[in-house]
Amino acid sequence: MRWMKVAVHTGAECEEAVTQILLAAGAQGVVLEGDGSRRAVIAYLPEHSPVSAVDIEQQVLGLQRYGLEPGPARVSVEWVQDEDWAESWKRHYQPLAIGRRLLVKPAWVLVPPSERIVIELDPGMAFGTGYHPTTALCLEALEELVRAGETVVDVGTGSGILAIAAARLGAGSVVAVDIDPQAVQVARENCRRNGVHERVWVAAGSTAAARALLAEHQAHLVVANILADVIADMAGDLYALLRPRGVLVASGIIDDACPLVRRSLERAGFSIRDERARSEWRCLIAERTA
Ligand code: SAH
């Protein structure tokens, strides 16, 4: 069988949206290749895919309508013979050590016993493998900030990776929400897979759903790895989820948009404690001071 290897060269801000386009076109998964401006999202489509490279290019260019900058939006296609590429992307997705204590691994790979806390994921159609720089920045921040028994909220949980990490790092209870019902399902399955389903509550929705699940409680830590605009818009709601001296880890922020997010968080009452960078992505650590 022949496979169509599709490489989409696009702006970093569009990587998640491009991933969704490729999955919707029938890809079993995607791989990010290259660095900086040479980065591409790669997927393999079956030979008789009803979706052409031109359709994909049109959809990538169409992201402008959502205020995303698709960059070069160049789609290149290569035919690949006789290899089971539907399984092959999984070979690219290998265990990944993150920070000092975490190891993220795909469900289908076995690893030798490790000193690290192993998080096992099947990302399915949801975003969040640990490979994206924003996810890695958040995992590193969680490793530093989660304290035993505390309450953590994960807004935009995707595969559930950050919620699971928080629980495995000792959080007493974790509330995880996502507006995408498919992500909610994948996150629930991943929580079960990691044995943290009794401490992680996953629900469809956003900050209001998290508020409802917390009931009268307030979180010690809130993590939101979404997009700059979304975080800027929900700054006040994120603030309200936290108890005084509670900490927000906000990522998914492309460098150009970081000043906007900082301003919006400060306006909501946060003090910015740190700004961390990985390639063009930023992660802000902010504290609710009052
Ligand atoms: N937390 C994961 C996934 C991040 S991708 C990780 O760090 O890798 C961002 C997720 O946020 C997506 O699953 C998307 O569906 C969700 N999302 C987007 N806007 C949202 C909103 N307003 N409220 C809650 N979730 C949102």
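Student: Which helix gives the most to the lining of the largest pocket?
Tutor: This is a predicted model. Helix H1 (15–24), helix H4 (133–145), helix H5 (161–168) and strand E9 (173–178) each supply at least two lining residues. With 4 residues, the top contributor is H1.

Student: How much space lies in the largest pocket?
Tutor: The lining counts 33 residues, and those closest to the pocket centre are Glu16, Gly156, Asp178, Asn225 and Ile226. By class, the lining divides into 16 nonpolar, 12 polar and 5 charged residues. The space in this pocket is about 680 Å³.

Student: Which residues come nearest to the ligand?
Tutor: Start with the site: the ligand takes up the space of the largest pocket. Its shell splits into 8 nonpolar, 8 polar and 3 charged residues. Of the 19 residues around the ligand, the nearest are Thr135, Gly156, Asp178, Ser206 and Asn225.

Student: Which residue has a polar side-chain atom 2.7 Å from a nitrogen atom of the ligand?
Tutor: Polar contacts are N or O pairs within 3.5 Å. Thr157 faces a ligand nitrogen at 3.4 Å, using a polar backbone atom. The side chain asked for belongs to Ser206.

Student: What share of the ligand's exposed area does the protein bury?
Tutor: Take the ligand alone to begin with: it exposes 580 Å². Of that area, the protein buries 89%.

How values were computed: Residues are numbered from 1 along each chain as its sequence is written. This is a predicted model: local features need pLDDT of at least 70, side-chain atom pairs count only at pLDDT 80 or more; totals for chains, interfaces and linings use all residues. Side-chain values use heavy atoms; hydrogens and water are left out. A residue is near a molecule or strand if one of its heavy atoms lies within 4 Å of it. A polar contact is a pair of N or O atoms within 3.5 Å; within protein, one must be able to donate a hydrogen and the other to accept it, and residues adjacent in sequence count only if both atoms are side-chain atoms. Accessible areas come from the Shrake-Rupley method with a 1.4 Å probe; for residues, only the protein chains shown count as cover. On a 1 Å grid over the protein atoms alone, a cavity is a set of points where a 1.4 Å probe fits but cannot get out, and a pocket is an open set with protein on both sides within 12 Å along at least five of seven lines; lining residues have an atom within 4 Å of a point. A molecule sits in a cavity or pocket if more than half of its atoms lie within 2 Å of its grid points. Ala, Val, Leu, Ile, Met, Phe, Trp, Tyr, Cys and Pro count as nonpolar, Asp, Glu, Lys and Arg as charged, and the others, Gly among them, as polar. Grid points are joined across faces, edges and corners, and a volume is the space filled by probe spheres set on the points.
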